[in-house]
Amino acid sequence: MTRDGGLSVRQRSILQDLKEHGFVSTTELAAKYDVSDMTIRRDARRLEQSDLARSVHGGLMLPHGTVHVAGFAGRALVDRDAKQRIAEACRDLLAPRERIFIDAGTTAHGIARVLPQDFAGTIITHSAPVIQTALHLTEATTIGLGGELLHDSQAFVGNIAISNLAGLRAETAFIGAAGVNERGFYIERNLELLTKRAIIAAADRVVLVATASKMGRSELVHLGDFHDIHVLVTDQQPPDPIAARLRAAAVDIVVA
């Protein structure tokens with residue numbers, strides 16, 4: 001049985017797995033769909049012929065390899081399940097045609113991966129992996145901010161990115177952090193600070209996304225305090241001191 005584009009139902013489901021995880025194993029797919037490895041390899045060839053996937057040793061990955069640069073890919077595997085739950089909870093906060101900023105970083109990138117195929121809103125981002133993921137969201141409008149590319153984080157930053165933000169406004173911004181404690185949220189270096197702050201200032205609603213492993217930690221650069229955000233999406237209830245500060249700042253807490 002086939003659907004639009006000549007893909008079978010299983011092939012479309014495999015493609016969705018790929019969009020959500022970036023890489024899928026042949027063995028895991030065979031077990032999930034209760035078919036042979038040979039059948040999955042035939043599915044893989046069909047997806048590859050359609051330029052929807054690329055076969056690599058042991059499985060499939062998205063056709064464009066930037067999201068799998070070693071540093072970014074390694075960070076994406078840390079707390080992978082938690083990031084997936086956070087991404088799905090963030091997706092549920094959105095209207096079908098919403099204007100959104102998506103920050104750089106692996107947790108924020110997960111949000112782009114789980115957006116529905118028919119998402120018809122506007123995605124504004126300085127993340128190269130988010131731009132790549134948006135190539136598959138053909139109903140959406142995607143705006144890349146440009147600027148100087150940081151290869152390890154795959155983020156565009158600096159004066160060009162900030163200048164291109166001028167005049168843009170989004171209903172929601174999803175912002176990542178490397179650490180969260182009672183005094184606010186942090187990033188690892190100063191290079192991304194001004195770009196991230198400009199994105200926060202250009203959104204009506206700011207959603208901080210952070211796994212439980214980031215709680216109780218600080219990093220080198222203080223990005224903002226809890227009065228700068230409206231919602232925290234995380235995978236476990238925050239520690240009491242942090243939760244108390246969030247409540248005092250009227251921040252909604254969503255536990256995925």
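Q: Which residue in β15 stands opposite Leu 232?
A: Welcome to this predicted model, where local features need pLDDT of at least 70, side-chain atom pairs count only at pLDDT 80 or more, and totals for chains, interfaces and linings use all residues. Residues are numbered from 1 along each chain as its sequence is written, and side-chain values use heavy atoms, with hydrogens and water left out. Strands (DSSP runs of E, at least two residues) and helices (H or I, at least four) are numbered from the N terminus. The residue opposite Leu 232 is Ile 253.

Q: How many bridges join β14 to β15?
A: Strands pair if DSSP finds at least two bridges between them. Strand β14 covers residues 231-234 and runs parallel to β15, residues 252-255. The number of bridges joining them is four.

Q: Which residue forms a salt bridge with Arg 205?
A: A salt bridge puts a side-chain nitrogen of Lys or Arg within 4 Å of a carboxyl oxygen of Asp or Glu. Here the closest N and O atoms are 3.3 Å apart, and the two residues lie 107 residues apart in the chain. The partner of Arg 205 is Glu 98.

Q: Is Glu 98 buried or exposed?
A: Buried means under 20% relative accessible area and exposed over 50%, with partly exposed in between (1.4 Å probe, protein chains only). Glu 98 has a relative accessible area of 8%, so this residue counts as buried.

Q: Which residue forms a salt bridge with Lys 196?
A: Lys 196 is buried at 4% relative accessible area. The closest N and O atoms of this pair are 3.9 Å apart. The partner is Glu 192.
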